Each structure stands twice: as structure tokens, then as C-alpha cells.
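Here is a short note to read beside the model. Keep the structure open and check each point as you go.

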Amino acid sequence: MATTSSTPSQGILSADREEERTEIIALLEQAYFMELETVMSYLCNSINPDGVRAQEIKESLEEDIEEELSHARQFGARIKELYGVVPGSLKFEASQSDLQPPEHQTDVVHVIRGVIVAETGAIEHYNKLIEACADVDPVTEDMVITILRDEEGHRRMFEGFLREYEAERPS
Ligand SMILES: [Fe+2]
Ligand SMILES: [Fe+2]
């Protein structure tokens, strides 16, 4: 009979799943940093834009910041549960070039397009994570599926904003 101190013989925490665990932790670390970079990008883009038309976008980004931060928390907690260590800031490498402040702060379309690119990146990475979890880690898989739905919702909302802006553009 197993003692209380022994590791589970089944599932992602078992000794013979170490390889899969390492792979999933690496993908979770990447997801964690993606969320944190998104928080930084959405924060600056919720403050910088000027003009009446920017107001809606700024408010929407403000709401998303809270959601993305909660995603980062969930990824961090799962890294720990899988016996990983949540990485520190020195391991962070920025990559969201599309979400840098535009030249003109009334250029809301630049921000909308940047958000769509970031959400698309998240959607692609989380699909990869879900694939890596298939058959080996249903708990991480379940968590990421829920987060993926949030990102698809964010993307869809900003796609709608872009449609409106493009329809309004004078020909
Ligand atoms: Fe997120
Ligand atoms: Fe998002």
C-alpha cells in the first residue's frame, strides 16, 4: 500500500511522467510571461490613446488587464503544482512589437491591430499547450481550455472594433 509521503503512481505527478511534466512546465512558463507582457502592453495602451474614439478601447483594455493578470496567476499556480518554480523577471524576454505605442496617440487602429496580434499569439500557444496536455495532464488541459475561451472572446471583441473602424474610414 502506498504511504502518504509517496508520489502518486498515476497521472502527471507520477515519477514516470517527468518528461511530460518538464515539457508542460516550459510551455506554462512561456504562457505566464506572455500574460505578463500583455498586462504591460494593455496598461500602456489603456493610458496613452487620445480622443473621443479611443475611450471605448481604453476602457475595454482596462478590463482585460485584470483578466490577463488572473491568467498569469493561474499559470504560475499550475507551474508550482507541477513541481516547477515560477520564473523571476530576469528570465523575461519581450516580444510584443505590435503593441508598442504608435507614433500618434490618436492612432487607435494601431492599438486594435496590436491587440488582435497578441490575442492570436495567445490562442496559438494555448492550443499547443492543450495538445501537449492531451492524455497526460487533464487538469492543466482543463484550465487552459477555459483561458483559451477568454482569449478567443478578447480577439473577437477587438475584431469587431476593427470592423467598425474600417467601415468608418473615409474612402
Ligand atoms: Fe490572457
Ligand atoms: Fe486576452
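1. Arg 78 and Asp 137 are both buried; buried means under 20% relative accessible area, exposed over 50%, and partly exposed in between (1.4 Å probe, protein chains only). Their side chains meet in a salt bridge, 3.0 Å from N to O. A salt bridge here is a side-chain nitrogen of Lys or Arg within 4 Å of a carboxyl oxygen of Asp or Glu. The pair links distant parts of the chain: Arg 78 sits in helix H2, and Asp 137 in the loop between helix H3 (108-133) and H4, 59 residues apart. Helices are DSSP runs (H or I, at least four residues), numbered from the N terminus.

2. This is a predicted model: local features need pLDDT of at least 70, side-chain atom pairs count only at pLDDT 80 or more, and totals for chains, interfaces and linings use all residues. Residues are numbered from 1 along each chain as its sequence is written, chains are lettered from A and ligands numbered from 1 in the order in which they are written, and side-chain values use heavy atoms, with hydrogens and water left out.

3. Arg 78 also forms a salt bridge with Glu 81, with the closest N and O atoms 2.9 Å apart. These two are three residues apart in helix H2, so about one helical turn separates them. Glu 81 is partly exposed, at 44% relative accessibility. Arg 78 is buried, at 8%.

4. How many salt bridges does a search of the whole structure find? The search finds six. One of them joins the side chains of Arg 17 and Glu 20 (3.1 Å, N to O). Arg 17 is partly exposed at 28% relative accessibility, and Glu 20 is partly exposed at 23%.

5. Now the metals. Donors are N, O and S atoms within 2.8 Å of the metal (3.2 Å for Na, K and Ca); water is not among the atoms, so sites may look incomplete. His 71 is buried at 0% relative accessibility, and Glu 151 is buried at 1%.

6. Which residue bridges the two iron ions? Glu 68 does, and the ions lie 3.9 Å apart.
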